[in-house]
Amino acid sequence: MANTYTLISSSTVGSGGVSSIDFTSIPATYTDLLVKYSLRTDNANIFSLTFLYFNGSQTSYTAAKQLEGTGAAAASSSFATTYLYADDGVGNSSTANTFGNGELYIPNYAGSNNKSTSTDSVGENNATTAYSQLIAGLWGNSAAINRITFSTSGTSLTGSATKFVQYSTVYIYGIKNS
Amino acid sequence: MPNPTKLIVDCSTGVTTEVELTDEEVAQREADAAAFAEIKAAEEAAEAAKAAAKASAEAKLAALGLTADEISALY
């Protein structure tokens, strides 16, 4: 049972927005990692897809399973992709000044086995449609995770690359089991 | 047009810098988005086919004389 939570690092997006947030040189001195994030993007939709990458890798995200609720229906799906799917987040068509919140847990992130992940996230929208998700992921790689990248996808309202908007935040905590 | 930017947070120093994405990163970003759209489209097509099959089955059951309540009791 985890008994220590230490903030490793955090980031708050400034006024111009950014398309990705890249945490590098994550120390290998903890047992697990917990990442808490609150994100909104400037795309045109209620939702906004966020992708995750470990150590800059674009391979071996082989077995993501998702359960999703939309406010009207439930769905499940599987992914084998070049990224780890983080969540549906919140786009610019959701209620103003709200953010999508999520939590990513990575047990034994510094070990030599493949890396499993679990994510739960919700979007905020004062309307019928609002997304919530549970995602189980797997990165088939034996390397210790020393870098985590959050990336937006698609294009924004203005046709440029989608950005995380100001006040979007990501916090990374290290957890020790003793 | 300049490439979009990213925040790099060095966890060993706490220093944050904002830099432009490389052309390679931009291309990968676009490829990942396209791949995801493909997955979603396939998923939606499968769901639509399943819904159509269900509607067809219900219509056939109704033609056999089952009521709506009797059909829904089968699920």
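Let me start with one pair of residues. A:Ile21 stands opposite B:Leu7, which sits in S1(B). Keep in mind that this is a predicted model.

Now the strands around that pair. S2(A) pairs with strand S1 of chain B, residues 5–10. The sense is parallel, and the pairing runs over five bridges.

Next, the whole contact between the chains. How many residues of chain A are in contact with chain B? The count is 27 residues of chain A, against 21 residues of chain B. Three elements of chain A give two or more residues to that side: strand S1 (4–12), strand S2 (20–24) and strand S6 (74–81). Which one gives the largest share? S2(A) does, with five residues. As for make-up, the side of chain A that touches chain B has eleven nonpolar residues, 14 polar and two charged.

On to the sheet in chain A. This is an open sheet of eight strands with antiparallel pairing. Read the order with me: S1-S12-S3-S8-S9-S10-S5-S6. The twist averages 15° from one strand to the next.

Strand S3 of chain A, residues 32–39, pairs with strand S12 of chain A, residues 169–176. That pairing is antiparallel, over seven bridges. Within it, A:Val35 has A:Ile172 of S12(A) as its bridge partner.

Note on methods. Residues are numbered from 1 along each chain as its sequence is written. Chains are lettered from A and ligands numbered from 1 in the order in which they are written. This is a predicted model: local features need pLDDT of at least 70, side-chain atom pairs count only at pLDDT 80 or more; totals for chains, interfaces and linings use all residues. Two residues are in contact if their C-beta atoms, placed from the backbone, lie within 7 Å. Helices (H or I, at least four residues) and strands (E, at least two) are DSSP runs, numbered from the N terminus. Ala, Val, Leu, Ile, Met, Phe, Trp, Tyr, Cys and Pro count as nonpolar, Asp, Glu, Lys and Arg as charged, and the others, Gly among them, as polar. Two strands pair if DSSP finds at least two bridges between them. Axes are lines fitted to C-alpha atoms, for helices over the stretch in contact, and angles run from 0 to 180 degrees between N-to-C directions.
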